[in-house]
Amino acid sequence: MRLIPLMPRAALLPLLLCVAACATAPKPKPEGGSAPAVEVVAPNLAATAWMQASQEYRGAVRGTFAAAARQLETALAQPDWDALPPSERVGLPMQGLPAAVIVDADETMIDNSPYQARNIRDERGYSLPSWQAWVAESKARALPGALDFARHAERLGVTVFFVTNRAHDPERAPTVANLRALGFPVREDGSNVILQGDPRAPGEDKGTRRRWVGERYRVLLMLGDNLGDFIDGSRADHPSRNALIAPYESWWGERWFMLPNPSYGSWESAIRRACDRSIPPARCMRDGLRHD
Ligand SMILES: [Mg+2]
């Protein structure tokens, strides 16, 4: 994961206006006729606690991997099955190609919530040095069910490609080491781990890397936690994202599997695009809520 384009600006603030996390907290009394006071909480507190501690999150993740594993066998049996968006398959015949799945790494196969927890503890936001220090530790854990899914694919002869927006330089070596130590099927040369800036398929978004895989493999399934893990163009506003994904609604749970991630993602920058830059991120998010 390269978090810079994905991390919310809200996460850069030391404190946020409380939105969802305070739904059950005692409400401060309004003073005089002024606007109600708002509590402040650390950014990502509720999301990180949910992802680390709740059976609800574990259940959602495990269920997604179990469904993907079942679907893998269905996809493998159909020679014309392909999970690449047609725009990325154009000009790339897939007849006779070996089978692969494309998975994202962060918050799809491995868990970086300790990094978020450290930021909360230390009252700081995301920074590249602190992120790269976490990556260098190579100690992210596997998400529940991720290893079972990857090993199931391997047993079926399906290559698992890890296409991640972690930076090729300098995050490749610790990322490969982390995945391998967890037992994921990583080749000896690490060539099935494709990071942002990989010379085989340079490009900020993942489309060029998916096409690189698609030139060589029939892509049976894709798994991710962010729209950009499936199709380019996710860094847009919500109406554009809605239009982008409309042709693929039926692919969810069939060819594409989305893992829950309430902590960060391009969905946040989409919300920000609806607001003037002078409006604080949390205020922008709150103002955009529906009340019908
Ligand atoms: Mg991710």
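Me: Before we start, what should I know about the numbering and the model?
Reply: Residues are numbered from 1 along each chain as its sequence is written. It's a predicted model, where local features need pLDDT of at least 70, side-chain atom pairs count only at pLDDT 80 or more, and totals for chains, interfaces and linings use all residues, while side-chain values use heavy atoms, with hydrogens and water left out.

Me: What makes Glu137 and Arg118 a salt bridge?
Reply: The label asks for a side-chain nitrogen of Lys or Arg within 4 Å of a carboxyl oxygen of Asp or Glu. Here the closest N and O atoms of Glu137 and Arg118 are 2.7 Å apart, so the pair qualifies. Glu137 sits in helix H5 (residues 128-137) and Arg118 in helix H4 (residues 113-121), so the bridge ties together parts 19 residues apart in sequence. Helices here are DSSP runs of H or I with at least four residues, strands are runs of E with at least two, and both are numbered from the N terminus.

Me: Which other residue does Glu137 form a salt bridge with?
Reply: Lys139, with the closest N and O atoms 3.8 Å apart. The whole structure has 15 salt bridges, including Glu254 with Arg255 at 3.0 Å, N to O. Shared partners also join Glu88, Arg210 and Asp232 into one salt-bridge network.

Me: Why is Glu137 called partly exposed?
Reply: Buried means under 20% relative accessible area, exposed over 50%, and partly exposed in between (1.4 Å probe, protein chains only). Glu137 comes in at 34%, so partly exposed it is. Arg118 at 22% counts as partly exposed too, and so does Lys139 at 48%.

Me: How do you know which atoms are donors to the magnesium ion?
Reply: Donors are N, O and S atoms within 2.8 Å of the metal (3.2 Å for Na, K and Ca); water is not among the atoms, so sites may look incomplete. Asp104 (OD), Asp106 (O) and Asp225 (OD) coordinate the ion at 2.1 to 2.2 Å, so they pass. Along the chain the donors follow the spacing D-x1-D-x118-D. Asp104 and Asp106 are both buried.

Me: What makes the set around Phe149, Phe184 and Leu221 a nonpolar core?
Reply: A nonpolar core is a set of buried Ala, Val, Leu, Ile, Met, Phe, Trp, Tyr and Cys residues joined through side-chain atoms within 4.5 Å. The largest such set has 41 residues, and Phe149, Phe184 and Leu221 have the most contacts inside it. Helix H2 (55-76) gives the most, seven residues. Apart from this core lies another, of 20 residues, among them Trp212 and Trp251.

Me: Which residues is Phe184 in contact with?
Reply: Contact means heavy atoms within 4.5 Å. Leaving aside neighbours within four places in sequence, the partners of Phe184 include Met109, Ile110, Phe162 and Leu179.
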